[in-house]
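Thank you all for making the time this morning. I would like to walk you through one structure, moving between its salt bridges, its chain contacts and a few individual residues.

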4 protein chains.
Amino acid sequence: EQEDPCVNGDGEVLDTLLADLARVNNSRERASKLFQWLIHPIPAKTFFRDTWEKKPILVKRQNPDYYKGLFSTAEFDRILRQDDVQYGVNLDVTSYTNGKRETHNPPGRALPFTVWDFYESGCSLRLLNPQAFSSTVWSVLSILQEQFGSMAGANVYLTPPGTQGFAPHYDDIEAFVVQLEGKKHWRVYNPRTEDEVLPVFSSPNFSEADIGKAILDVVLEAGDLLYFPRGFIHQGDCFPDAHSLHITISSYQKNSWGDLLLKVVPAALEVAMEEDVDYRQGLPLDYLTYMGVQNSDKDDPRRAKFLSRVENLMKKLTSYAPVDAAVDQKARDFLHDCLPPVLTPEELASSVQGAPARWENGEVLNAGARISSQTRVRLLRAGCARLCSDGEMVHLYYTTDNSRVYHKEELKSFEIKTEHTDAIESLIHSYPKFVTVGSLPCDSAEDRIGLAELLFERGIIHTAEPL
Amino acid sequence: EQEDPCVNGDGEVLDTLLADLARVNNSRERASKLFQWLIHPIPAKTFFRDTWEKKPILVKRQNPDYYKGLFSTAEFDRILRQDDVQYGVNLDVTSYTNGKRETHNPPGRALPFTVWDFYESGCSLRLLNPQAFSSTVWSVLSILQEQFGSMAGANVYLTPPGTQGFAPHYDDIEAFVVQLEGKKHWRVYNPRTEDEVLPVFSSPNFSEADIGKAILDVVLEAGDLLYFPRGFIHQGDCFPDAHSLHITISSYQKNSWGDLLLKVVPAALEVAMEEDVDYRQGLPLDYLTYMGVQNSDKDDPRRAKFLSRVENLMKKLTSYAPVDAAVDQKARDFLHDCLPPVLTPEELASSVQGAPARWENGEVLNAGARISSQTRVRLLRAGCARLCSDGEMVHLYYTTDNSRVYHKEELKSFEIKTEHTDAIESLIHSYPKFVTVGSLPCDSAEDRIGLAELLFERGIIHTAEPL
Amino acid sequence: EQEDPCVNGDGEVLDTLLADLARVNNSRERASKLFQWLIHPIPAKTFFRDTWEKKPILVKRQNPDYYKGLFSTAEFDRILRQDDVQYGVNLDVTSYTNGKRETHNPPGRALPFTVWDFYESGCSLRLLNPQAFSSTVWSVLSILQEQFGSMAGANVYLTPPGTQGFAPHYDDIEAFVVQLEGKKHWRVYNPRTEDEVLPVFSSPNFSEADIGKAILDVVLEAGDLLYFPRGFIHQGDCFPDAHSLHITISSYQKNSWGDLLLKVVPAALEVAMEEDVDYRQGLPLDYLTYMGVQNSDKDDPRRAKFLSRVENLMKKLTSYAPVDAAVDQKARDFLHDCLPPVLTPEELASSVQGAPARWENGEVLNAGARISSQTRVRLLRAGCARLCSDGEMVHLYYTTDNSRVYHKEELKSFEIKTEHTDAIESLIHSYPKFVTVGSLPCDSAEDRIGLAELLFERGIIHTAEPL
Amino acid sequence: EQEDPCVNGDGEVLDTLLADLARVNNSRERASKLFQWLIHPIPAKTFFRDTWEKKPILVKRQNPDYYKGLFSTAEFDRILRQDDVQYGVNLDVTSYTNGKRETHNPPGRALPFTVWDFYESGCSLRLLNPQAFSSTVWSVLSILQEQFGSMAGANVYLTPPGTQGFAPHYDDIEAFVVQLEGKKHWRVYNPRTEDEVLPVFSSPNFSEADIGKAILDVVLEAGDLLYFPRGFIHQGDCFPDAHSLHITISSYQKNSWGDLLLKVVPAALEVAMEEDVDYRQGLPLDYLTYMGVQNSDKDDPRRAKFLSRVENLMKKLTSYAPVDAAVDQKARDFLHDCLPPVLTPEELASSVQGAPARWENGEVLNAGARISSQTRVRLLRAGCARLCSDGEMVHLYYTTDNSRVYHKEELKSFEIKTEHTDAIESLIHSYPKFVTVGSLPCDSAEDRIGLAELLFERGIIHTAEPL
């Protein structure tokens, strides 16, 4: 396949890969290629058809360097030294011994002195949201989130030889376990019941008696990948001769059809009550005498009639469902969850973040760079901004001012005046092509340039050439 | 018709009527008779078929005493003198002059000295919730609420000769305007648009230009009745030669099919997500690229497929709708809104409120009265208690400890143990018949008597004979 | 003595006394006479000099009718029947058996059926704030509060024969135990330590081992009085042959010099920091190195100097103390605590509450009554209104819109314009004399009448003759 | 003088100075030396005796490099590029033109592109709390805070040629204006009134008409220093030929004797009410009739007696003042305000932050380093921890886990058991000497080592040699 990005030369594999991906013109295509690399050699199409949300799968590679550069214990050590890692917030110290799961977090900052002491005494370490500390993880997740259309998260797990850090359990996310160092013994079990297939919430810790027989019992070595859907119970433990470091990349938390309906259905009912008098008509005078739990065993013909009326009104709701507006509500949640984009040097040079204005030798240089009608611009990423309407006003929501730290910033947006919505839509839909500012469908050249300046200053668009 | 309760002798008509109604054995039948009296001579059946929620109707009676005893300006004067009526809370002073609607409430207690001064200077007086001050209004509304299965409320309006107190507007309730004294000129107008038929919210004040031509232009005299559904615009003004006193009895606020669906639909979705994996399956990876407002004009075949899936899932919701549980949610709201029952002397003597235990001549008398297996009991009112389940626990909700003042008390309830639900259901369904405590389906005589004592002490049941 | 108000004829003694007191022109004098009756035959002057806040005292009267009419178990029974008495809010059911103190309050309304059952099974009943239910108790307390210049409260205690309802303890108020029916055995004990003399908080329940030997061991019979200051431990129990009913009248909760200083001292410091640069000068650079608990044992000469500077600044605070403003803060708290006045028929007829405006025979009568320059007015009570300044604005605070229920209403006040303060002060200081509205020191006749109307409408002043 | 640290060779002057200071053994001495450098050539002793809190002073140096390395516009540019500087939070864009003061902050992150555009159009830039971005500023302030015993803060001001960014005003802090680049024209004015000498709050913006004649009218050039106390009005503007960059170092906000009294006085009153019955005695029965604002003009002898009693009680308060406990309250506020210490390489190597435990070549190295009885330890800084008592429990409060961002972290502390207070006090008072863990006055060797480990892990102590 021509998508094969697997390069195994010197240096960090992943740096090379990311540099290659930076040359892919369209961020959605880039996401697709990175995902293909993640699950290589399974074709993505096959994966999503046969495996995704259906069953676990193991990829053995015999190539310990396949994921090299994504994360390492050495980088973890560096992070402890340089960054403000807080126990309980960014790092959990855990153990699972003789069927007992414990957390050992002290208060305050996690420094190597105490962390490695815990490790040496047999505790596992879970680094939460490593993307806040590792630029490579940030890069990878910020690309993958465009593949999933749903937040991509991660945790890193370091386990000492001969130990297990967590009890058997299932999660509420699709999990890609990427083995980075050493090896680990994994067992995966089917969901216990129909109700626990693709569950909405994670499980409590299970005992061996709860979980039946493993359907997968494998050893993950560096470079290998294990995927399992939400609801599949799993546990991993280390052999006495090797530690294990893996990163679990996750997505699709609360991203089901039901989660969308949670937005659609109340909105549909609101519309129906406004537009359709059938929903505003009074209930029968006497309905409380034959409906309700205390009357549910009654054999009263009025019950059937009442239930039928409810059913009809519920079915008719579909004709009032503002699906696109509800999708926008979900999209807004996603935009808030998104990691901000990581810029390539070229993107940096052509965006507000790398604009050449600077102080040098006692004076300001290059402060006058200006967008003109000839300037060619496009969105920084396919999905970095989205036009949503709440029925009355239109806002542009965007991810470029998000933080690497989950929800540290409020979701950013600004109102778009009616006369500018066409221009914004045109910009969004023309991606990945650059268009001249002069071609934007606005009323005046002043409008076009003002709008482009605003989008440029918020980091939403960049220019074809540096200003 | 034998239901005609219209008696016109000496004394207060309404006292006689209420005394007669007290002899009706079943509170639902009593409610039905009182409502029939209210709208006499229109048969209730005809009214609910042809008029209710459809159109205004006028009943002219040529009998100024028909509603006598319900309320009077003399009683209003007495209330001002004896009770703590607060401006802005219980009483509004208003005027509508030259198209301008004003409120003139000073702070603090409304005393005759200032109230009558306002009246003499041409202001209208609106007494809110007169049931808190007038026992007769309380009696009437507490009976009618069983007819409506929805809160029955009231306001009293006193208007000086030659004035108007309110601008044209429509309300969000079914209104029965009962003329008590003097006369008033009323104009009623059709809802302005389909969207304002049976509206969910009351309107702002309208100007004459907003409202078109009246469909009803009548004079209400003492003893007359005017009904109009929510959404019908109305205004009333006094002739120079007579003041007007009327009481507006209202019901069916937020009591529509849509209001029930507001309880049913979220519950249905919760059940569906628990029980049906179709709702838990992930959304398509790329749905954000073709759905949402910014894509709503796209001609993409995936849109139709997506919308169809949403429609199917919404339709399938009906099969998961816990309608009886949702009705119980509405029932609980209604029980909280209910006025407590007004007891007849016989009911008083046979209930906890009139139990003969007392202090007399330096000692306690009759404190030993006890319920036994032979004691015959029944609910105090058909609707004074209701058994509801929240899925896990069963509670009995009851109105007998409610206050005359709207929502002054929390909704009262207590948990019913599983082994007692049959006994409670049996008591509820056997109304209006009395049953012996010994016949309640409990495990032991002790249980039967304990349960009966509890219900008796909360005022939910009374005994066939005084204890 | 001519103050002896003790009349023992037919009818209720207290009604006669209150009728006599109503003829006393000055409410402060009336308070003084009522207090003298309470502690008769001890002269008030002697009492306050020798006993008040110093020691317990017993008055035996051999006159069971002395306090007759103040309250009775029969009235308590009537209150249970007619009023909404709530367990835990208005009534406590208690027992003290074998050294164990228990409370037995069920939820909801206290009806005779359950209350007398508790009593018959040996429980004591404490009615909290009987003034909300009994007009006589309201009258008495509303008069006494002017004697104390501090809230006068009350609780009623009904104890079955042969039982005790409460453990030994002390309270944070001056207590006047008025025996109304039956008899009770009381034991009073000295405060246990200097720190518990005139304590700020009530004690927990004590065991016999905690409290030493009683200094008073007496039997209270109807008509007797027992006084003890806050901090004196006490317990009372009934003989097997008689129940006991007493009312405890209390005052002086948080009314000490220290409570005043809590208002004075922060205000003094605020003034000092504004006006005196000595308070704004910086602390020594190094004070943290020799001051503070970790340095308190250091023998450093800088410590003495530092402490001396603090002492001087604290002493100098007295010269900045806004004592009158701080007294006003305390006064406002008291005015909020006050019971509203109980009006005599004459007061009613000459105040806004009894103004003759009324609805009669279909029209308003006497609505035109107007205050004129000749109208003679005075405060309704010496202490029913008070002029206070917060430094910038002047407000008149008043008690006439207070509720019988403690703090049910916010403290009432309105702003007094600078040009009206003299008139208000003149009205306050001329009490109990009536003055003509025309004599008030205002700028214009219109101002005088407007001000008088405002005060009349709020019930603060009444007129010499009915309007 | 031998303290002269003014070195003018190559490289950054300040780096050399800070390296020299790192060799000073005692952090208090180090603070003193750094302050002496700041105000050189004025001797600190002279400065604090004659100038501090009294008058402005100018130091002209003819040495543009004197403060070199503290901060520069180049560093500011780098910060904008690398750090998340937010408009309105970390950076203000201001102008003062034709007597009008304006703020121009847009929302979001401040990037060079927009910031330099503002600058070029004549706006001033104020970087708030540069210590969060500049390590050198953090170092300097963290040292100076030990000199002041009060928070040391800073703002940086960059002003374009020919402009002024702020209106005349005074501040509530002692200000050291350190000119870093270019030059600025400053005018300083006396406090306008006695009440504005050493004020508690900053002033609003003044107009020229408000402020009188300058007492100081000078030009500050790079290397110069201007000091003025709180309350002195000031304004600075740039000449057309040069920009200006200065940093204002500030201290002594809310650090006056009055601020201490705000802690002492309420505590003294609480103690007095507990210990002295004079404060618990009741107020006179009738005090409300002669005290208070409405009685303040009364010539009543009781007033003098009352005021005298208040005065005596206020004066006696001094004997109950828990001054050391109140100082601890202030100390806790200061510890919360403190910057965390900046460690030298030697300190790093001997403290938990630099402990050698690390991941290397696939395994943990040096995790076993352990404190023993022979280990010699001391506090990391004289003032980095403080033992305070709230009367019941003793806590150790410490600054080593504080953030560079003001109050981003809660004040950190842990409880010290009674048997460990002596050991902690001994450690605190032995600073700057190292003591062996074995010499700490604890009950057992285990206790000594456990306590030392705890203090070491929180970064409060370091060891004489690396572990």
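Let me begin with D:R81, which is partly exposed, with a relative accessible area of 23%. Please keep in mind throughout that this is a predicted model. The partner of D:R81 is D:D77, and the closest N and O atoms of this salt bridge are 2.9 Å apart. D:D77, for its part, counts as buried, at 4% relative accessibility. Both residues belong to helix α4 of chain D, residues 73-82, where they sit four residues apart, or about one turn of the helix. As background, an α-helix has 3.6 residues a turn, so residues three or four places apart point the same way.

In chain A, the side chains of A:R23 and A:D20 meet in a salt bridge at 2.6 Å, N to O. A:R23 is exposed, with a relative accessible area of 64%, while A:D20 is partly exposed at 33%. A further salt bridge joins the side chains of A:D286 and A:R302, at 2.9 Å, N to O. Because A:D286 lies in the loop between α8 and α9 of chain A and A:R302 in helix α9, this pair ties together parts that are 16 residues apart in sequence. A:D286 is partly exposed, at 30% relative accessibility, and A:R302 is also partly exposed, with a relative accessible area of 34%. There is also a network of salt bridges that links A:E53, A:E174 and A:R230.

Let me turn now to the contacts between chains. Between chain A and chain B, 76 residues of chain A are in contact with 76 residues of chain B, and the buried area is about 6,600 Å², of which carbon and sulfur atoms give 67%. On the side of chain A, the residues that lose the most area to chain B are A:W257, A:L285 and A:Q294, which together make up 15% of what that side buries. The count between these two chains is two salt bridges, and A:R303 forms a salt bridge with B:D324, the closest N and O atoms being 2.6 Å apart. The count of residue pairs in polar contact between chain A and chain B is 40, with both residues at pLDDT 80 or more. Which helix gives the most to the side of chain A that touches chain B? That helix is α8(A), with 13 residues.

At 1.5 Å a residue, its 19 residues, 257-275, should span 27 Å, and the end C-alpha atoms are 26 Å apart, which agrees. Among the buried residues of α8(A) are A:W257, A:L260, A:L261, A:V264, A:V265 and A:L269. The buried residues of this helix pack against α10 of chain A, together with α8 and α9 of chain B.

For chain D and chain C, the contact takes 76 residues from chain D and 76 residues from chain C. The area buried between them is about 6,500 Å², with 67% given by carbon and sulfur atoms. D:W257, D:L285 and D:Q294 supply 15% of the area that chain D buries against chain C, more than any other three residues. Two salt bridges are found across this interface, and the side chains of C:D324 and D:R303 meet in a salt bridge at 2.6 Å, N to O. α8(D) gives the most to the side of chain D that touches chain C, with 13 residues.

By contrast, no contact joins chain A and chain C, whose closest C-alpha atoms lie 25 Å apart, and no contact joins chain B and chain D, whose closest C-alpha atoms likewise lie 25 Å apart.

Note on methods: Residues numbered from 1 in each chain as written. Chains lettered and ligands numbered in written order. Predicted model: local features only at pLDDT ≥ 70, side-chain atom pairs only at ≥ 80, totals over all residues. Heavy atoms only, no water. Helix = DSSP H or I, 4+ residues; strand = E, 2+ residues; numbered from the N terminus. Expected span 1.5 Å × (residues − 1). Buried < 20%, exposed > 50% of the residue type's maximum accessible area, 1.4 Å probe, protein only. Contact = heavy atoms within 4.5 Å. Buried area = accessible area lost by both parts, 1.4 Å probe. Salt bridge = Lys/Arg side-chain N within 4 Å of Asp/Glu carboxyl O. Polar contact = N/O pair within 3.5 Å; in protein donor to acceptor, adjacent residues only side chain to side chain.
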